[in-house]
Amino acid sequence: MAQSAPPAARRSEAGATGMRRRVITAPPVWRELLLVVLFYSGYTLTRIVLVQDGTGPAFAHADEILRAERFLGLDVELHLNQTLLTVPWLARTANVFYATMHFIVTLATVVWLYRYRPQHYRWLRTSIMIATGVALIGFWLYPLAPPRFLHSEGFVDPVTALHSLGLYASDASGSLTNQYAAMPSMHAGWSLWCGLVLVRLASQRWAKLLGVLYPATTVIVILSTANHYVLDAVAGMAVIGGALWASWILYTRCPAPLLIARARVMHRFHQRTGRRTGGSGAHSAP
């Protein structure tokens with residue numbers, strides 16, 4: 001007669017099974033809103049803190065990037081920038097696109113994912129957070145002046161040249177962010193994340209087409225407005241790809257002991273936040 005598993009093993013197995021079951025459901029909306037606010041605030045503040053005294057390293061890195069791209073034959077930014085400026089209305093549209101769609105489309109995709117594809121929400125949400133965290137390390141280790149600062153190379157900032165609306169249209173907006181946080185490009189990375197979500201999970205054909213067009217349009221915009229280099233975009237997309245893989249492994253192939261440990265940590269977190277908010281409902285893992 002086969003001997004039954006010890007109680008501790010059965011509890012561990014049951015905990016891992018329960019954890020995997022909770023992974024396919026969306027977490028409470030109030031906690032996700034709090035997480036988004038805290039994460040984006042931390043991201044923005046960290047970018048500001050990472051601004052170094054002096055811009056010498058950022059411009060030295062810009063020279064390195066341009067030399068590398070010229071060697072590889074990838075230096076298309078100046079041509080795109082000059083071409084865009086010949087069509088002022090298109091340049092102004094590109095400026096507004098760069099300033100707004102990065103946030104609007106990403107947030108809309110997150111909300112859509114939470115509402116209509118909850119079984120994929122957790123690991124995809126975690127992937128974009130991992131990628132953004134890695135990007136912050138890149139901003140710190142490799143400050144980089146964007147092409148629009150390289151006037152000697154012929155680049156022109158369409159925002160200032162056309163007195164257009166834009167992300168850095170005023171001195172105040174420019175001082176509230178790190179304009180040397182160009183490597184990797186999270187405009188390219190986040191747009192690829194949105195595109196992959198739509199292509200993979202949307203059921204309508206037009207939405208899948210949007211998933212293809214949006215990241216392609218974003219890359220053209222960030223290059224032609226002289227906000228990023230080709231290598232920035234490649235790096236941003238590579239970071240997203242690595243984060244998606246890591247998050248998928250974490251949520252679908254994670255060993256049972258790690259799942260149980262994570263469940264315990266989140267249970268304690270829920271208990272504390274539940275006391276503060278007065279909530280008493282059931283809690284789920286992140």
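Me: Where does L74 lie, and what makes that a loop between helices?
Reply: L74 lies between α3 (56–72) and α4 (77–85). Helices are DSSP runs of H or I with at least four residues, numbered from the N terminus. The model is predicted: local features need pLDDT of at least 70, side-chain atom pairs count only at pLDDT 80 or more, and totals for chains, interfaces and linings use all residues. Residues are numbered from 1 along each chain as its sequence is written, and side-chain values use heavy atoms, with hydrogens and water left out.

Me: Why is L74 called partly exposed?
Reply: Buried means under 20% relative accessible area, exposed over 50%, and partly exposed in between (1.4 Å probe, protein chains only). L74 has 30% relative accessibility and therefore counts as partly exposed.

Me: How do you know that A226 is buried?
Reply: The relative accessible area of A226 is 0%, so A226 is buried. This residue is in the loop between α10 (205–224) and α11 (230–252).

Me: Which residues does the cis peptide bond join, and what is its omega?
Reply: The bond joins M183 and P184, with omega about 0°. P184 is placed in the loop between α8 (171–175) and α9 (186–201). Most peptide bonds are trans.

Me: How much of residues 206–223 is helix?
Reply: The chain there is 100% helix and 0% strand, with end C-alpha atoms 26 Å apart.

Terms used:
Helices (H or I, at least four residues) and strands (E, at least two) are DSSP runs, numbered from the N terminus.
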